[in-house]
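This briefing goes through one protein model by topic. Please look at the sequence and the structure before reading on.

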Amino acid sequence: MEKIIELENNLTDFSPEDLIQIESAHLSLDRISKQIDILTNGIAKTVLDRPATSGDGIITLTYSQYSDFAAAFDQNKQSLKLQKFVPASGAATRMFKFLSEFLAEYDLENESINAFMNRKNANELRVFLAGKKEFPFYDQVYEMLAQNHPDFREWERSKRSYHFIKTLIDAEFLDFANKPKGILPFHKYKSHIATPVEEHLAEAIRYSCGSDGKVNLHFTVTEDHKVHFEKIVEQARQIFETQACGVLDVTYSFQDPATDTIAVTPDNKPFRDKKGKLVFRPGGHGALIQNLNNLDADVIFIKNIDNVIQDHVDTIAFYKKALGGIMIESQNRIFECLKKLDQNPSAVDLDEISDVIREKLNMNVSEDFRNFTTEYKIQYIKRLLDRPIRVCGMVKNEGEPGGGPFWVRDQNGILSLQIVESSQVDLKEQRQADIFAKSTHFNPVDLVCGIKNYRGEKFDLTQYVDHRSGFIVDKTKDGKPLKSYELPGLWNGAMAKWITLFVEVPLITFNPVKTVNDLLKSAHQPQ
């Protein structure tokens with residue numbers, strides 16, 4: 001009854017036309033009601049107990065141990081179906097943000113570019129212009145400039161720089177700011193210019209070919225951009241398949257519109273566009289848990305589209321295989337326990353298993369476990385172990401913005417390892433701010449996942465989401481402010497109830513391109 005009353009209260013602002021719009025979008029009234037409730041009442045902040053550190057939640061290995069795990073992965077992979085999963089739907093808008101701001105603010109007719117940089121303290125622009133010949137797209141931009149302005153080499157520096165940037169990102173020309181990162185030129189080799197798609201293919205052939213004889217790679221993309229990904233893959237297919245253990249099997253999926261969330265005004269009324277229609281926004285990358293749920297593989301590697309490297313792909317593959325080896329070993333240990341509990345529970349030392357869970361899987365076990373009845377111990381262990389598993393690479397924190405590994409205490413006081421973003425924490429509370437500041441490691445989004453149980457059946461991943469760990473974001477539309485709800489992040493709340501292992505990996509494995517100037521770093525330059 002309370003649920004019905006809550007639903008009715010949250011939907012009183014909707015007209016019959018609104019309900020038709022909601023139904024046409026294949027959205028659930030119940031979910032919209034819950035979203036409005038969250039947007040109205042807020043989201044409880046994550047309670048940090050302490051940062052996960054080396055020896056306390058983060059596994060640290062010697063090079064020899066990495067090698068052993070990588071070798072174990074190679075020995076086991078031929079009996080497993082492997083998949084690489086790459087979220088790649090985001091546009092490169094933020095990558096070129098400071099250049100877009102320059103075009104909007106610079107007065108070409110009345111100001112030199114040096115005066116602008118001094119006035120705006122535009123250090124990013126200064127670095128970009130100083131290093132522009134080192135960018136992999138330099139020749140492409142200048143070729144287009146020459147086509148449109150045959151005399152551009154005779155222009156003074158400010159005009160040349162302005163038009164170089166305009167040619168690069170303006171929708172009339174190359175339009176890089178509105179294209180997905182995955183298809184942009186990232187690396188310049190002697191023989192070709194490589195996009196992130198090609199670099200992920202180069203990685204995938206080194207570790208994601210298993211029992212089916214295929215190199216399985218899955219991109220989540222926007223529907224409009226799929227054709228561009230397909231074109232790059234087809235052009236590269238022949239080269240990569242000669243190097244691979246099998247054929248390339250590259251698949252794509254889109255974010256389900258049914259995961260969109262409703263927008264509200266600052267006073268929590270449904271936000272409407274200029275035509276009076278309700279506004280729904282994409283639910284964030286947490287919506288991709290459904291895309292992941294639709295895959296069928298024994299081992300799934302997850303990595304962001306912009307985290308690639310030039311020339312050192314074998315090194316990256318080595319550490320990915322090591323994480324895969326750890327996942328397989330941990331999963332086998334879990335499967336063995338569960339099989340014994342099913343087949344002959346009386347022969348199992350339950351207290352010993354609880355110690356393994358604490359020491360090998362970094363999972364919290366109740367202090368009262370040894371006082372439980374035998375039957376309850378068995379049920380308790382099964383609940384702990386019969387769930388998806390993820391092994392997450394963690395790099396040492398060097399000041400990068402973003403999430404990190406922490407011990408988190410839930411509403412029932414139970415501790416678990418979680419990846420936590422700063423926006424999830426009440427940083428106004430001094431103790432929480434201190435814990436967050438003491439984080440020693442950073443989340444590079446470097447995961448290896450097992451999504452099947454010991455009987456070989458797929459888990460329903462949507463059942464392991466912490467729906468209380470989403471995000472409220474402030475945006476604008478048509479010049480008006482709005483609030484929107486983003487679903488629990490794919491590697492945050494969407495995997496909150498998974499078995500989680502954190503493993504330290506070297507910094508060379510983390511080479512994201514968040515701004516265009518990151519392409520000037522050594523990881524993205526010819527060696």
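The model is predicted: local features need pLDDT of at least 70 and side-chain atom pairs count only at pLDDT 80 or more, while totals for chains, interfaces and linings use all residues. Residues are numbered from 1 along each chain as its sequence is written, and side-chain values use heavy atoms, with hydrogens and water left out.

**Largest pocket**

- The largest pocket has a volume of about 2100 Å³. A pocket is an open set of points on a 1 Å grid over the protein atoms alone, where a 1.4 Å probe fits, with protein on both sides within 12 Å along at least five of seven lines. Grid points are joined across faces, edges and corners, and the volume is the space filled by probe spheres set on the points.
- The lining of the largest pocket holds 50 residues, and Gly90, Arg94, His285, Glu486 and Lys514 lie nearest the centre. Lining residues have an atom within 4 Å of a point.
- Strand 17 (residues 471-477) gives the most to this lining, with three residues. Strands (E, at least two residues) and helices (H or I, at least four) are DSSP runs, numbered from the N terminus.
- By class, the lining has 19 nonpolar, 18 polar and 13 charged residues. Ala, Val, Leu, Ile, Met, Phe, Trp, Tyr, Cys and Pro count as nonpolar, Asp, Glu, Lys and Arg as charged, and the others, Gly among them, as polar.

**Second largest pocket**

- The volume of the second largest pocket is about 970 Å³.
- Its lining has 37 residues, of which Asp410, Ile414, Ser416, Gln418 and Ala496 lie nearest its centre.
- Helix 15 (374-385), strand 13 (404-409), strand 14 (415-420) and strand 19 (499-504) are the elements that give two or more residues to the lining of the second largest pocket. Strand 14 supplies the largest share, six residues.
- This lining is made up of 16 nonpolar, 13 polar and eight charged residues.

- Four strands form an open sheet in the order 10-9-18-17, with antiparallel pairing. Two strands pair if DSSP finds at least two bridges between them.
- Strand 10 (280-281) and strand 17 are at the edges with a single partner strand each, so one side of each has no neighbour in the sheet.
- Strand 9 (residues 261-264) pairs with strand 10 in the antiparallel sense over two bridges, and Thr261 has Arg281 in strand 10 as its bridge partner.
- Helix 3 (residues 29-41) packs on the sheet, where it touches strand 9, strand 10, strand 17 and strand 18 (480-486). Contact means heavy atoms within 4.5 Å.

**Loop residues**

- Asp478 lies in the loop between strand 17 and strand 18 and is partly exposed, at 38% relative accessible area. Buried means under 20%, exposed over 50% and partly exposed in between (1.4 Å probe, protein chains only).
- Not counting residues up to four places away in sequence, Asp478 touches Asp273 and Lys274.
- The C-alpha atoms of Asp478 and Arg272 are separated by 10.0 Å, although the two residues are 206 residues apart along the chain.
- Asn121, in the loop between helix 6 (113-120) and helix 7 (123-130), has a positive phi of about 50° although it is not a glycine. Asn121 is exposed, with a relative accessible area of 56%.
- Asn492 is in the loop between strand 18 and strand 19 and is buried at 2% relative accessibility. Beyond its neighbours within four places in sequence, Asn492 has contacts that include His285, Gln418 and Phe471.

How values were computed
Axes fitted to C-alpha atoms, helices over the stretch in contact; angles between N-to-C directions.
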